[in-house]
Amino acid sequence: MSEGSKVVGVDVGGTFTDLFLFDATGKRFRTAKVPSNRGDEAVGFLKGLRELGAVAELASVVHGTTVGTNALLERKGAKVGLITTSGFRDVLEMRRRDRRRTWGLWGDFVPVVDRDMRLEVEERTLADGTIRHPVDTGAVRDAARELLSAGAEALAIVFINAYANSANERAALAAAVEVWPNDFVACSSGILPEIREFERTSTAALNAYLQPVVGSYIGKLDDALKGDGFTGRFHIVQSNGGVMSTESARRLPVRTALSGPAAGVIAAAAIAREAGFPDVVTGDLGGTSFDVSLVVGGQTALAAQTTIDFGLVIRTPMIEITTIGAGGGSIARVDAGGLLQVGPESAGSRPGPVCYGQGNTRPTLTDANVVLGRINAERPIGGGLKRLDVAAAKAAILEHVGVPLGLDAMAAAEAILRVANGHMAKAIRLVSIERGHDPGRFAAVPFGGGGALHAGALLRDVGLKAALVPRFPGINSALGCVIADIRHDQVRTVNLSLEGIDAASLDTLMVSEAGEVRAVVETAGLPVDRIDMLFELDMHYAGQTHTVAVPLPLEIAGRSTGVTEASIRAAFETAYRASFSRLLHGVPARIVNLRTAAIGRRPRFDLSALAPEPGATLEGARRGTRPVWFGGAWHETTILSRLDLPVGAMIHGPAILEQPDATTVVDPGLVARVDRLGNVIIEASA
């Protein structure tokens, strides 16, 4: 990275706000970790920036946020009004006729737009784009006024087949803007011009649901930054792992739904590639959740669609991340059937684990790690507390877990760990074994405040070949904000048969789409070395419902991509065979959607800047020993200062590696080594 300026990545989590500053001029960096302020995240955001120095000296701030995610999960978005085609009022509620519980005829689902806030107007666009019935703009204005009087804060306009021709939607949008008092109004063709009515309606409605929340949050941060003299550029990490401007984030907040976790995956993938591990499973263990993602051949996996919660479907490219409620603040309890459960309920940052001494009386995963000696009670991470209350944590574990299960406090604490580890192992199997990957050829990259505490258990329980703990695991997502490229994705439904396709017309469309996405990247305001274009088709055989993603290895030369029917067919057959191990000979193929992405490659971040100091020694990193509980007994365990370890250091377990942002546990029977970048590689002893 050669920007010659100070760039800060900020990741606001449920418990801590993490920051990573890189000064490219002197290749210097600083980190900070401060408690998050739930409800007013700008407080922790600014506090962390000030710890790093003068805010006015910063050239760029890149932010990974969970505000959108939390608003969706907690159903705390805006009150939304929806105007749609007559007869399609209930698309949001019908969904795909799925059920919250697969087996059984009961369950509940409440859409984010109440039925009385979904109004119909007369209009009709056919699937081929023909306008059969122009929209009644007067009726649109009347509907918008009615929704406003009912308390709507944001408006979504979704018409049937608008992906084929957006004229009626655009006319309705222009009419609605005349009476709508704010900027929180959009039509579906401006958000997702793609076939499938439910997915398009859901994405547009959720975008409206988030606009006031995310817009207000970004505005508050903007004001706070300017109040501290910041004159640089402020950007947001998208769910696809790319960066976008705050203007784009306000317009398309639905693309920030997995912003924070995505930044962590980007950093983990970059670190693993540089360390020689192209195939990894990333595991981000924060205060409330454990987020897992698969990286194959050094590349993150993107999904075209994500379900945030039951019925909340977002159709926009996102890094594939599986989330479970198994964070450090996850509460342990014994259920009515006498089974020990850990999560998904979390104590969060306030009141936090029992050992924080902030009023919580129910034990958490962090409390178990403290009682077992794995976390140093005298030097808690984050800087918010001077020490942790081990006695209170032990008493809570005994009361809520030990007594109901007939266990002493130590056995109960270890049981909490085993259950939580089991949940994490299950999540890793879900993204590896159940997708046809052998976990034995993958390394784990645990990060977040608590990920490295459980590295050994994940190796043992899943059968991974190694664990790679980044130099700053607790700040990894903030580092990802600094590393992430600029990216903009766009999709267009084309509905073409491959046989006899007019390749020249498709080529013209591809060049046009490429120009649009490229323009967004060029105006984002961050320096880039180059802009790469990606083209992908959603295709299937005639008669099939679902599609396969078909990457096209094409580049624009002059005013053409050089696409041909033969090149598309070869790419489709390669992708289809990879997914299903066979082809359907004699069945015609169809192209459903064209996907185009522009990626602005930011100047490369040199990870060697994180490497240990040349004069570091293993002896200089030793901090004595302390008893730590492993496998039902106390073990005298070596304590080391992680950041003082030299390159090439070999550490045999049991050992604890401590640093300000995280703790790494090397279990008995494992050995850790420090690579040239300062990463800790944990493997089974020979």
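Figure 1. Cys187 is buried, because its relative accessible area is 6% and the buried class lies under 20%, the exposed class over 50% and the partly exposed class in between (1.4 Å probe, protein chains only). Cys481 likewise counts as buried, at 0% relative accessibility. The count of disulfides, each defined as a pair of cysteine sulfur atoms within 2.5 Å, comes to zero. The structure is a predicted model, in which local features need pLDDT of at least 70 and side-chain atom pairs count only at pLDDT 80 or more, whereas totals for chains, interfaces and linings use all residues. Residues are numbered from 1 along each chain as its sequence is written, and side-chain values use heavy atoms, with hydrogens and water left out.

Figure 2. Ser477 lies in helix 13 (residues 476–483); helices (H or I, at least four residues) and strands (E, at least two) are DSSP runs, numbered from the N terminus. The relative accessible area of Ser477 is 4%, and the residue is therefore buried. Its contacts, meaning heavy atoms within 4.5 Å, are with Asp11, Gly260, Ala263, Gly264, Asp284 and Phe447 when neighbours within four places in sequence are left aside. Val482 also lies in helix 13 and is buried, with a relative accessible area of 0%. The C-alpha atoms of Val482 and Ala54 are separated by 18 Å, and the two residues are 428 residues apart along the chain.

Figure 3. Glu199 is placed in helix 6 (residues 197–227). With a relative accessibility of 6%, Glu199 counts as buried. Residues up to four places away in sequence not being counted, Glu199 touches Arg96, Leu192, Gln305, Val313 and Arg315.

Figure 4. Side chains of opposite charge can pair when their charged atoms come close. A salt bridge is taken as a side-chain nitrogen of Lys or Arg within 4 Å of a carboxyl oxygen of Asp or Glu, and the count by this rule is 36. Asp90 counts as partly exposed, at 23% relative accessibility, whereas Arg118 counts as buried, at 0%. A salt bridge also joins Glu93 to Arg118, with the closest N and O atoms 2.7 Å apart. Since Glu93 lies in helix 3 and Arg118 in strand 6, this second pair ties together parts 25 residues apart in sequence. Glu93 has 33% relative accessibility and counts as partly exposed.

Figure 5. The side chains of Asp532 and Arg601 form a salt bridge, at 2.8 Å from N to O. Asp532 belongs to strand 26 (residues 530–541) and Arg601 to strand 28 (residues 589–601), so that the pair links distant parts of the chain, 69 residues apart. Arg601 is partly exposed, its relative accessible area being 25%. Elsewhere, salt bridges with shared partners join Asp90, Glu93, Arg115 and Arg118 into one network.

**Figure 6. Packing of helix 10 against helix 11.** Helix 10 (residues 390–405) and helix 11 (residues 409–431) pack at an angle of about 75°, and their axes are 9 Å apart. Axes are lines fitted to C-alpha atoms, for helices over the stretch in contact, and angles run from 0 to 180 degrees between N-to-C directions. Helix 10 is thus roughly perpendicular to helix 11, a class that covers 65 to 115 degrees, with angles under 35 degrees counted as roughly parallel, over 145 as roughly antiparallel and the rest as oblique. Helix 10 contributes Lys394, Ile397, Leu398, Val401 and Gly402 to the contact, and helix 11 contributes Ala409, Met410, Ala412, Ala413 and Ile416.

Figure 7. Gly343 and Pro344 are joined by a cis peptide bond, with omega about 0°; Pro344 is placed in strand 22 (residues 340–346). Another cis peptide bond, with omega about 5°, joins Gly653 and Pro654. Asn161, a residue other than glycine, has a positive phi near 60°.
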